[in-house]
Amino acid sequence: MIEVLAKLGRGPVFLAGEVLECVITFTNPLSASSTSASSEMLAWASAQIHCQFHASENRVALPPSDGSKHDVQAENETVFVPNRGERGQCILSTPPKILFCDLRLDPGESKSYSYCETLPIDGPPSFRGQSVKYVYKLTIGCQRVNSPIKLLRVPFRVLVLHGLKDYQFPQDEAVAPSNPFLEEEEGLKKDSRLADLVTELLMVATSRRSLHLYNISNTRGKVGTFCIFKTIYKIGEDVIGTFNFSEGDIPCLQFSVSLQTEESIQEEFQRRRGQPVSFSTHARHQEACLHTAQSSFSLPIPLSSTPGFTTNIVSLKWRLHFEFVTSGESAGTCLVRGSQSEAITWTGVEQMEVDTFSWDLPIKVLPTNPILASYVSQFSSTNSITI
């Protein structure tokens, strides 16, 4: 028996273009009955990164794929097929790397191998939507002589910052910070600075503040105003906005704000022409606001959510969805006097005419530092099998 342990040292979340490093340890456990004849042999081990794409047959019409025949592998074959038994199509893979050939482990002995690979910068982000899924995995395959191949799959998450592929690394150290006490070759320096560069670009893009003021009106008149100071965010940030109903002509009884994603299939891949867009709500605020002059809300963007992106098949966009309930009468008729005595009690009316309307405000959501996203990742940094 051999235990195979794979560990992602920095966590299970990476940026496209970063180097993924995984330490893979093979151990022959020491037991009370172990003898010198208990040595274990492995013929070979390889590792490869791949991205699996899966689409809902009810929503997405894909052309036939020729790759499905490669998903079946006989147990006695020595061909390493990382996506064997996986659902969907393998749309992206790195070249396989051999970890070793003919490994012998005595009882209690362990050997570790380091696997490093640069994640393709032009791949899609990790995404689990209602219509499509993009799932990244590192697969380690190993085999005993005359035995079936065993696969250890290590799932991880990929964040994509669009436009980074075309970005030219600047020479100005103030723009692209690096450690002045380390001397590195230019290629290694560029790779090590990628995460810092992305953090800098995200900070610049999301720290800009400017007043965005919107009038809220329906067919009968002005309800109020809405104020927001930015429309570009990182996952993990809060979307904050304020309402001013004091200048409105129409009383607002209730409002709700939902933070939503809009998942749409490109027209050429739609199962039915004009099929509806899929919406997912990530946070919601609802408030009764009659006779309220000002109000505000704060909606957190989950670290586990997917930033906006577009591929040839699917597009994901973010928005704020507003719903307002307004009175069909003037503000003075929303309360009635309960008594004619000196002690006057005001109570709400039992029935009143209302109008409802909605409004959508597009926002842009970008990725964040992958180390922060690792704290809430559903994936484990350590995976293992026994063969």
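**Buried residues, ring pairs and nonpolar cores**

Val-223 belongs to strand β12, which spans residues 221-228; strands are DSSP runs of E of at least two residues, numbered from the N terminus. The structure is a predicted model, in which local features need pLDDT of at least 70 and side-chain atom pairs count only at pLDDT 80 or more, while totals for chains, interfaces and linings use all residues. Residues are numbered from 1 along each chain as its sequence is written, and side-chain values use heavy atoms, with hydrogens and water left out.

Because its relative accessible area is 0%, Val-223 is buried. Buried means under 20% relative accessible area, computed with a 1.4 Å probe on protein chains only. Beyond its neighbours within four places in sequence, Val-223 is in contact (heavy atoms within 4.5 Å) with residues including Phe-245, Ile-250, Thr-326 and Phe-357. Thr-326 lies 103 residues from Val-223 along the chain, yet their C-alpha atoms are separated by 7.9 Å.

Rings of Phe, Tyr and Trp (its six-membered ring) pair if their centres lie within 6.5 Å; planes under 30 degrees apart count as stacked, over 60 as edge-to-face and the rest as tilted. Phe-26 and Phe-100 form an edge-to-face pair, with 5.0 Å from centre to centre and 85 degrees between the planes. This pair links distant parts of the chain, 74 residues apart: Phe-26 is in strand β3 (residues 19-27) and Phe-100 in strand β6 (residues 97-105). Both Phe-26 and Phe-100 are buried.

The pair of Phe-297 and Phe-322 is edge-to-face because the ring planes stand at 75 degrees, with the centres 6.5 Å apart. Here strand β17 (residues 294-300) contributes Phe-297 and strand β19 (residues 314-327) contributes Phe-322, 25 residues apart. Phe-297 counts as buried at 3% relative accessibility, and Phe-322 at 0%. Ring pairs also join Phe-297 and Phe-322 into a cluster whose members include Phe-245, Phe-357 and Trp-359.

A nonpolar core is a set of buried Ala, Val, Leu, Ile, Met, Phe, Trp, Tyr and Cys residues joined through side-chain atoms within 4.5 Å. The largest one has 82 residues, and Leu-20, Phe-26 and Phe-243 are among those that touch the most other members. Strand β4 (residues 40-55) supplies the largest share of this core, 7 residues. Leaving out residues up to four places away in sequence, Leu-20 touches Ile-49, Tyr-115, Leu-138 and Phe-156, among others. Another core, of 5 residues, lies apart from the largest one and includes Ala-43, Trp-44, Phe-80 and Leu-151.

Notes: Helix = DSSP H or I, 4+ residues; strand = E, 2+ residues; numbered from the N terminus. Buried < 20%, exposed > 50% of the residue type's maximum accessible area, 1.4 Å probe, protein only.
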